[in-house]
Amino acid sequence: MTTEPATGRDAERLPAGALLIISLLVGSAFVMILNETIMSVALPALIADLRVTPATAQWLTSGFLLTMAVVIPITGYLLGRFPPRSVYLASMGLFSTGTLLCAVAPAFGFLLAGRVVQATGTAVMIPLLMTTILRLVPASRRGQTMGTISIVIAVAPAVGPTLSGVILSALGWRWMFWIVLPIALVALVAGALRLRVAAETTRAPLDVASVLISAVAFSGIVYGLSAIGESAAGGAHTAVPPWVPLVLGAVALAVFVHRQVRLQRGTGTAPLLDLRPFAVRRYSLSLVLVATGFMSLFGAIILLPLYIQEVLGDSAFVAGLVVLPGGLVMGLLGPFVGRAYDRVGARPLVLPGSVLLAIVMWGFTTLAAATPIWLVVALHVGLSAALALMFTPLMTDALGSLPGELYSHGSAILTTLQQVAGAAGTALFITVMTLASAGAGVDAAGVHAAFLVAAGVSLVTVVVAVAASRLPAPAAAPQDARA
């Protein structure tokens, strides 16, 4: 985490057309991630219009998340096998097709199918964006450019529910898709005309067994964690206990890792997901920090709206407005933090960010039934600022420590971990909150207990950040490092 920025004017120049390509990818990813959270506010309208139960309607979000968890591990192979332009067109084409299916869906089954197709395209876009930035941008400017990804990660999920509420108040739920569809089609045409990124590809055969095992592993883990959270929150109970898919997913994950290691040693078939990035200690420690950061982020996203509505007694609209400033702050800080990373490296940013994260999470433990709403907003803004100081340097430092042939696999691992960490954080904090609440609902004691656990996780973040900051600087530039 002490990477020295490269120097020299030639090293700082972007290739011709690189800015346009990156802007196109960032815009496309923004629209896709925005669509991931836009359904949350629309569920009551969908329940009434399509005549389904709340447990059934929830699959519009759970199905999206599960599809992402299954597809993301495959992106490492896809980005190594096919050129970036082909991957982009397939990703945007799938997303556009899924959006159209959702807009015209005559019944719930068609709507769910459209969401699955959307998620398939969305899962590929973030790894493609990260890999393309590493291929196009010199090391001295990667932090600044990777900072733009913070806009996608932070602002889009925060704006999604707010935008959904505005559309629903003036138009029907189908317009959430009709408005997005032309934007997606324009991006698809622009990519077909202008997206040109040079990249070496390999014709390694696809290991179908690894695909099937990874599908069981990551879908089982994410579904199990999500089911634990929903069950603890009083959601619908299924015939299968949540621990069953969780254990099945964990066993499948162990089998998947064993198979990838065996294929890596040379059996004539390339691994689906190259695990060599874990051999780079800087990469592994950065992954731990990203995971704990995402646990804190998703914990706040799920706990604060419940606290605001159930404990403070405010409306869902107020809850959406409370978390909006924090998301905007994180997105706005992203480019500035990126430029600071280019100048000073990761350590001067990640260490203060981890300390600020711990301070804010302990501040959340003081929330009570009479806490003023402005304090909740201030704490959430502080959380967003802390994560902004951490995410851009960590992602840039982690991926920049890998050799070029591992960029796609490193970004796939990082994105998969974000999904798992988000589901784990949600399940953990919701379960603690429910167990600590005095009654069947949500109360101040339950929220306090959940944030107390979150504060404990933040202390782990500080310890890992200190350990990572003591790693020596690599002898070579990030793009030349070898696993």
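This dialogue explains how to read several features of a predicted model.

User: How is a pair of aromatic rings described?

Analyst: A pair of aromatic rings is described by the distance of the centres and the angle of the planes. In this structure there are five aromatic pairs. One of them joins phenylalanine 364 and phenylalanine 451, whose ring centres are 4.7 Å apart with 15 degrees between the planes, a stacked arrangement.

User: Which parts of the chain does this pair link?

Analyst: Phenylalanine 364 belongs to helix α16 (residues 347–364) and phenylalanine 451 to helix α19 (residues 444–469), so the pair links distant parts of the chain, 87 residues apart. Both phenylalanine 364 and phenylalanine 451 are buried.

User: Where does the charged end of arginine 81 sit?

Analyst: The charged end of arginine 81 lies over the ring of phenylalanine 82, 4.9 Å from the ring centre. Likewise, arginine 339 places its charged end over the ring of phenylalanine 336, 4.9 Å from the centre.

User: Which residues of α11 are buried, and which are exposed?

Analyst: Val180, Leu181, Ala184, Ala187 and Gly191 are buried in α11. These residues lie on the same side of α11, because they cover an arc of only 125 degrees around the axis. On the other side, Val186, Leu193 and Arg194 are exposed.

Notes. Residues numbered from 1 in each chain as written. Predicted model: local features only at pLDDT ≥ 70, side-chain atom pairs only at ≥ 80, totals over all residues. Heavy atoms only, no water. Phe/Tyr/Trp six-rings, centres within 6.5 Å; stacked < 30°, edge-to-face > 60°. Helix = DSSP H or I, 4+ residues; strand = E, 2+ residues; numbered from the N terminus. Buried < 20%, exposed > 50% of the residue type's maximum accessible area, 1.4 Å probe, protein only. Lys NZ or Arg CZ within 6 Å of the ring centre and 35° of its normal. Arc of directions from axis to C-beta.
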